[in-house]
Amino acid sequence: MSGSLVRLVSRLKIASTLVMASCLAVGLAMSSSAASAGDRTLWFDSGRPNSEAFQAVNILANAATEGLEPSDYHALALQQSITQAAEGSALDDETITHLDAVLTTSMQRYLADLHFGRLDPRLLDENYSDPPQGRLEPFSYLQNAVLEHRLPAAIRDATPAAPAYARLRDALALYRELASDPRLETRLPPLPGKKLEVGHTYAGIAALTQRLVALGDLPADMSTPHRYTQDLVEGIRAFQERHGLATDGVVGKNTFEQLNISPAQRVRQIELTLERLRRTPLLRGPRMIEINIPEFMLRAYEINNGQVEIKLTSKVIVGKALDTRTPIFNEDMRYIEFSPYWNIPPSIELSEVIPRLRRDPGYFQQQGYEF
């Protein structure tokens, strides 16, 4: 065995212990026999890496496509070690055992992060956890996938099935590509007034056009106009719709702020959103209702023949993060009450209703309240 491979395996022995401790810290039940399937190794046959070993290190090397960090799984070192093991002389049993154990542990951690998320929701005051029935157990899931020669398919099956996840993953790839363009990292010039409307001149027209083309809100062959034209208005409307803004085609304060968020910042936002989707218990039954609090939206889903269909969308009211935080939880729905009779909580009476009533004696009648 070459000296470089010995050093890599030596470092990975330590990494294996650290990775295992990290997985246990987030409540993952790792099997004590995770290093191998019985007396045989998972990733080596006759002293050489098998095809699944190469699939595994490629999966780890591409962890960034899922918004994960390849270095968390020692992807580069493992890829180098497996390549050297395939090209060099046969390894001794001890080295194979250690390398097999490290690759197994890294793949377990990757599976757990991909399927459950990297953080326990309860650490973030989110009141939900995975049901014990049907819970994916990383080692047995991984072992079966390797022995059945279906590792890539098993990884796809462990990926969150929420409808938004695949779209976000595509957006992540797009914004990573855009982040390499230094022109998109530069802020747009200040607006000539409080807002930019049709017919206005603007020093940043060329930069604005270029940004909308890069983001796909304007066609690629769009030429730069001399002022804010109707073509640019349509591009801004497309941008506003994608970002949950009022689609008035006017570049005001909120639209301008969103335009100046760099692709690198968007990459980080998307990575965090993918993490939230991984740890959010979606698609647990044939029918589900989900409320996206930051988006102020409710969606009702139904699964038909394995396909997720959105049956209903509705706006919702949520609390303020500091004072009236909306609780985050999951629960089986036992009944639905339509047009419920609602009593105002005492905290809202004191902080909102009574002060409003003092300012406007007709407030109760306007709102249909009973005292």
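Mentor: A salt bridge is a side-chain nitrogen of Lys or Arg within 4 Å of a carboxyl oxygen of Asp or Glu. The model is predicted, so local features need pLDDT of at least 70 and side-chain atom pairs count only at pLDDT 80 or more, while totals for chains, interfaces and linings use all residues. Residues are numbered from 1 along each chain as its sequence is written, and side-chain values use heavy atoms, with hydrogens and water left out.

Helices (H or I, at least four residues) and strands (E, at least two) are DSSP runs, numbered from the N terminus. D217 is buried at a relative accessible area of 9%, whereas R242 is partly exposed at 43%. Buried means under 20% relative accessible area, exposed over 50% and partly exposed in between, with a 1.4 Å probe and protein chains only.

Now the part for the close look, the sheet. Three strands form an open sheet in the order β3-β4-β5, with antiparallel pairing; two strands pair if DSSP finds at least two bridges between them. Strands β3 and β5 stand at the edges with a single partner strand each, so one side of each has no neighbour in the sheet. From one strand to the next, the twist averages 25°. Angles run from 0 to 180 degrees between N-to-C directions, and axes are lines fitted to C-alpha atoms, for helices over the stretch in contact.

Take β4 (residues 297-304) in more detail. Six of its eight residues are buried, so strand β4 is largely enclosed by the rest of the structure. With β3 (residues 287-292), β4 pairs in the antiparallel sense over six bridges, and I291 stands opposite L298 in β4. The hairpin of β3 and β4 has four residues between the strands, and F296 there takes a positive phi near 60°. On to β5 (residues 307-315): eight bridges join it to β4, again antiparallel. N304 has Q307 in β5 as its bridge partner. The hairpin of β4 and β5 has two residues between the strands, and N305 takes a positive phi near 55°. In a regular strand the side chains alternate between the two faces of the sheet.

E309 forms one with K311, the closest N and O atoms being 3.0 Å apart. E309 is partly exposed, with a relative accessible area of 30%.

The whole structure contains 16 salt bridges. Among them is the one where the side chains of R118 and E275 meet at 3.5 Å, N to O. R118 lies in the loop between α4 (93-116) and α5 (138-147) and E275 in helix α11 (residues 263-279), so the pair ties together parts 157 residues apart in sequence. R118 counts as partly exposed at 27% relative accessibility, while E275 is buried at 5%.

Next come the helices. Helix α2 (residues 51-61) packs with helix α6 (residues 151-158) at an angle of about 35°, their axes 10 Å apart. E52, Q55, A56 and I59 in α2 meet L151, P152 and I155 in α6; contact means heavy atoms within 4.5 Å. By class, that contact has five nonpolar, one polar and one charged residues. Ala, Val, Leu, Ile, Met, Phe, Trp, Tyr, Cys and Pro count as nonpolar, Asp, Glu, Lys and Arg as charged, and the others, Gly among them, as polar.

T209 belongs to helix α8 (residues 205-214) and is buried, with a relative accessible area of 2%. Leaving aside neighbours within four places in sequence, T209 is in contact with L218, M222, S223, T224, P225 and L232. W342, in the loop between β5 and α12 (346-359), is exposed at 52%.

For the setting, the protein chain has 13 helices and five strands. Of its 371 residues, 39% count as buried.
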